[in-house]
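Okay, thanks for coming, everyone. Let me put the model up and walk you through a couple of spots.

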Amino acid sequence: MAPSSPEGATDRRPAPRPLPIVVIDHGRGNLRSVQAALSRVGAAPVVTGESSVLAGASGVILPGVGSFHDAFTTLENLGFVAALRDYAASGRPLLGLCLGMQLLFESAEEGGPCPGLGLLRGRVVQLEGTPRLPHIGWNLVRRRRPGVLLGREADHFFFVHSYGARDVEDACLVGTTEYGPTIPAVVEKGNVMGTQFHPERSGTAGLELFQRFLGVVRRCS
Amino acid sequence: MLCKRIIPCLDLKDGRVVKGTRFEGLRDAGDPAEQAAFYSAEGADEIVCLDIAASREGRGPVLRAIERIAERVFIPLTAGGGISSAEDVRATLLAGADRVSLNTQAVLNPGLIEATAERFGVQCVVVAIDFRAGAGLGGWRVFTHGGTVPTELSLVDWAQRAVRLGAGELLLTSMDRDGTVDGYDLEATRAVAEAVPVPIIASGGAGTREHIAAVLAEGRADAALAASIFHYRKLRISDLKAYLGERGMPVR
């Protein structure tokens, strides 16, 4: 509960050199905050709408807010659907944020059925039974099984969403949060990872999560 | 459990933070990026940044201040003031805001709420409503243009309509209480909270930690926004959160 400065996360040992991380730009949302947070933890974010860049990438972040259907269509038009499937199959680390996490699943039911990237089993549906909707604010994420993204048993992260993943494989469900029903908050299946919350907006806890993702990228590259 | 949010509000004019009383008599209250960094370190859950002169003077959003805040602060940032088109929304988000707050322009052109929600998602749309208590119109009348122009809209009716159009959250400001430190308008806040499904940010009148506890409990608000008491350091956010936590409220 005691607040600490997000700047505190930079007091750790500095990275030997900035690690290039590709941030996919599909024309939605606030990329500046993802960029700024990655820079803060010692990465060199490369924001791009060019799917060919993935071929040489060692770490990729898929951000996004807004409509699943629009985002998937844009990714498809830009060539990212095939490029992301190839990238994920190569075993290199991929992290989806909020809508970016939802896109990792098989399908969504937002404004009619829509396919997703299909890198994780499960589908994306509107949240039901929540006290209010959208689910907006800081909620406690509890770790359900060992994974790489969460550093503590429980931590607060910032959520803002109306849809969530359902029928997620239990083995992939690393963290959950409660808002009426239990909501998948962190999913991991090997190199394919996602957070329903916004680490780039979750203060120190979020910066630490990015640091752990960078650790995975370093180990893989 | 979802935490109750404490939100310092930076009212901007000419690139500086200002604060007045009942929307008048503005005083300087510092540099926006400095203030935002201070509040983030204090445990603020979000920053709201409003260009309060924009609709009156016809200027666009204050993107530069938003950029400077977004580079330093890693908590959510909602920005508003003078946003009148989807292009303004896009520019504000690109500058580093997570969500936009629509006020006057939403009343003048409700289609803007719909267009923003459709393109960027309802979670991106905060509709801010300035209101004043009075006879008729269900008890509270909506004002626009920084509180200078009365409308024929009732608070609860407009709130419900804004949500139907795509508002993902409502920011309610009592003009009668703004800057007075006399306490929030609990009745109005609760009336709206009970009439709509989306989260409510209460604003206007915070003077003590008890006021904030009251609007989050009796007022049924999900978040409490304040300016004066934080800007002039009458109340520290860290102390406020400890107080709310002792009263059993979920806080970060």
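First, a definition: by polar contact I mean a pair of N or O atoms within 3.5 Å; within protein, one must be able to donate a hydrogen and the other to accept it, and residues adjacent in sequence count only if both atoms are side-chain atoms. This is a predicted model, where local features need pLDDT of at least 70, side-chain atom pairs count only at pLDDT 80 or more, and totals for chains, interfaces and linings use all residues. Residues are numbered from 1 along each chain as its sequence is written, chains are lettered from A and ligands numbered from 1 in the order written, and side-chain values use heavy atoms, with hydrogens and water left out.

So, A:T177. The side chains of A:T177 and A:N139 make a polar contact of 3.3 Å. Is A:T177 buried or exposed? Buried, because its relative accessibility is 0%, and buried means under 20% relative accessible area with a 1.4 Å probe, protein chains only.

Now the interface. Chain A brings 39 residues to the contact and chain B brings 47, contact being heavy atoms within 4.5 Å. Between chain A and chain B, 18 residue pairs are in polar contact, both at pLDDT 80 or more. On the side of chain A that touches chain B, there are 15 nonpolar residues, 15 polar and nine charged; Ala, Val, Leu, Ile, Met, Phe, Trp, Tyr, Cys and Pro count as nonpolar, Asp, Glu, Lys and Arg as charged, and the others, Gly among them, as polar.

How many salt bridges cross it? Four, by the rule: a side-chain nitrogen of Lys or Arg within 4 Å of a carboxyl oxygen of Asp or Glu. One of them pairs A:R132 with B:D222, closest N and O atoms 3.4 Å apart.

Methods
Buried < 20%, exposed > 50% of the residue type's maximum accessible area, 1.4 Å probe, protein only.
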